[in-house]
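Please keep the sequence and the model in view while reading.

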2 protein chains.
Amino acid sequence: MIKYAEIESENIMKIMSIPEIKKYLSTNGIKPSLPRIKIFEYLNNYKSHPTADEIYNALIDDLITLSKTTVYNTMDLFLKHNIVIQILIEENEIRYDSLTSNHGHFKCIKCNKVYDFKYDLADISIKELEGFSLIEYHTYIKGICKSCNEK
Amino acid sequence: MIKYAEIESENIMKIMSIPEIKKYLSTNGIKPSLPRIKIFEYLNNYKSHPTADEIYNALIDDLITLSKTTVYNTMDLFLKHNIVIQILIEENEIRYDSLTSNHGHFKCIKCNKVYDFKYDLADISIKELEGFSLIEYHTYIKGICKSCNEK
DNA sequence: AATTAATTTGTAATCATTACATAAAAGAAA
DNA sequence: TTTCTTTTATGTAATGATTACAAATTAATT
């Protein structure tokens, strides 16, 4: 039973229905098998920026034959087809995000929640990088979130 | 025999002599033992942004009793005393930087070199993060460096 | 010199991720 | 349907960076 997470920034996060997810996967060249749909649903609709392990634990009660390897394989497939990006904030854990356009991440060091925020580093011109080809932009901030601050 | 790397951006990278390093460590509450001095020297003067493994391999011929654990311990000590920061660009490898003020990193996907560039995310005001306490800022870009582009 | 504290080291453990080979499922051909 | 082929999914073992830990070495203090 998946409950949707509260959406912090509606402007940059869209919940999809199962038919929409099926279509989205197909459109991006991915055959929409059950594990793929469920994994994408969890990633996109439920909880922000989970690790592979979190995805596995969230789905295993529902998809009782799911294996962790499948989660990893599926994330690699999603990556290859550019429908997810990896987020690196802590060493030793890769998180995933279904929002693929450039944006920033904020990780709260108290509650560990990861927030998206609108920010596109590609808009900035960096003199020192003239002559360089810029391909991927990453921005993240660590601190204490509003909700933890107010406690 | 350590040769100094060419410095790409003199403005944000300073080579230190051994006595300067000793003093810098002491000033920051770190007793300047031989391994600590050599590790800091390598980190600061020679090559930009090495992993613990790279530091170990670079120094083992000179400090023939050095152990990898010592490199890790020393980096943790440096971190605790805020004279280095960690850089995360690839999963599965932590790199270190002796430049601790906010700045960006560029990693070339061809030659794997990591460049510094001047950029302070703290200067940007991010509306969505009002009420949040921002503590650490991280910015990195991947692409192809000028030197590889020109080849 | 003897004692204590700090530093360094080697070995083993940890744990996320990957490799790989098999099993299961889906799709195509007959 | 049945058989054959391809794609997906799974379980187990391997990898490799980092950490834990205890012993050994070095430095500092009495």
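How many bridges join S3(B) to strand S5 of chain B, and do the two run parallel or antiparallel? Four bridges join them, and S3(B) and S5 (residues 133-144) of chain B run parallel. This is a predicted model, in which local features need pLDDT of at least 70, side-chain atom pairs count only at pLDDT 80 or more, and totals for chains, interfaces and linings use all residues; side-chain values use heavy atoms, with hydrogens and water left out. Residues are numbered from 1 along each chain as its sequence is written, while chains are lettered from A and ligands numbered from 1 in the order in which they are written.

**Sheet**

- Six strands form an open sheet with mixed pairing, in the order S4(A)-S3(A)-S5(A)-S5(B)-S3(B)-S4(B); strands are DSSP runs (E, at least two residues), as are helices (H or I, at least four), numbered from the N terminus.
- Its edge strands are S4 (114-117) of chain A and S4 (114-117) of chain B, each of which pairs on one side only; two strands pair if DSSP finds at least two bridges between them.
- On average, neighbouring strands of this sheet are turned by 25 degrees against each other, direction ignored (axes are lines fitted to C-alpha atoms, for helices over the stretch in contact, and angles run from 0 to 180 degrees between N-to-C directions).
- In S5(B), B:Ile141 stands opposite B:Phe106.

**Salt bridges**

- Over all chains, a search of the whole structure finds 14 salt bridges, each being a side-chain nitrogen of Lys or Arg within 4 Å of a carboxyl oxygen of Asp or Glu.
- A:Asp53 and A:Lys68 form a salt bridge with their closest N and O atoms 2.7 Å apart. The pair links distant parts of the chain, 15 residues apart: A:Asp53 is in helix H3 (residues 52-59) of chain A and A:Lys68 in helix H4 (residues 68-80) of chain A.
- A:Asp53 is partly exposed, with a relative accessible area of 34%, and A:Lys68 is partly exposed at 36% (buried means under 20%, exposed over 50%, partly exposed in between; 1.4 Å probe, protein chains only).
- A:Lys142 meets A:Glu90 in a salt bridge of 3.3 Å, N to O. A:Lys142 lies in strand S5 (residues 133-144) of chain A and A:Glu90 in the loop between strands S1 (85-88) and S2 (94-97) of chain A, so the pair ties together parts 52 residues apart in sequence.
- A:Lys142 counts as buried, at 13% relative accessibility.
- B:Lys107 and B:Glu93 meet in a salt bridge of 3.4 Å, N to O. B:Lys107 is buried at 5% relative accessibility, whereas B:Glu93 is partly exposed at 22%.
- Salt bridges that share partners join A:Glu54, A:Glu90, A:Glu93, A:Arg95, A:Lys107 and A:Lys142 into one network.

**Surface near DNA strand D**

- DNA strand D is surrounded by 16 residues, the closest being A:Ser33, A:Thr65, A:Thr70, B:Tyr72 and B:Ile94; a residue is near a strand if one of its heavy atoms lies within 4 Å of it.
- Of the atoms of DNA strand D that come within 4 Å of the protein, sugar and phosphate account for 70%.
- A polar side-chain atom of A:Ser33 lies 2.4 Å from a phosphate oxygen of DNA strand D.
- For A:Thr65, a backbone N or O atom lies 2.6 Å from a phosphate oxygen of DNA strand D.
- H4(A) gives the largest share of this surface, three residues.

Terms used. Polar contact = N/O pair within 3.5 Å; in protein donor to acceptor, adjacent residues only side chain to side chain.
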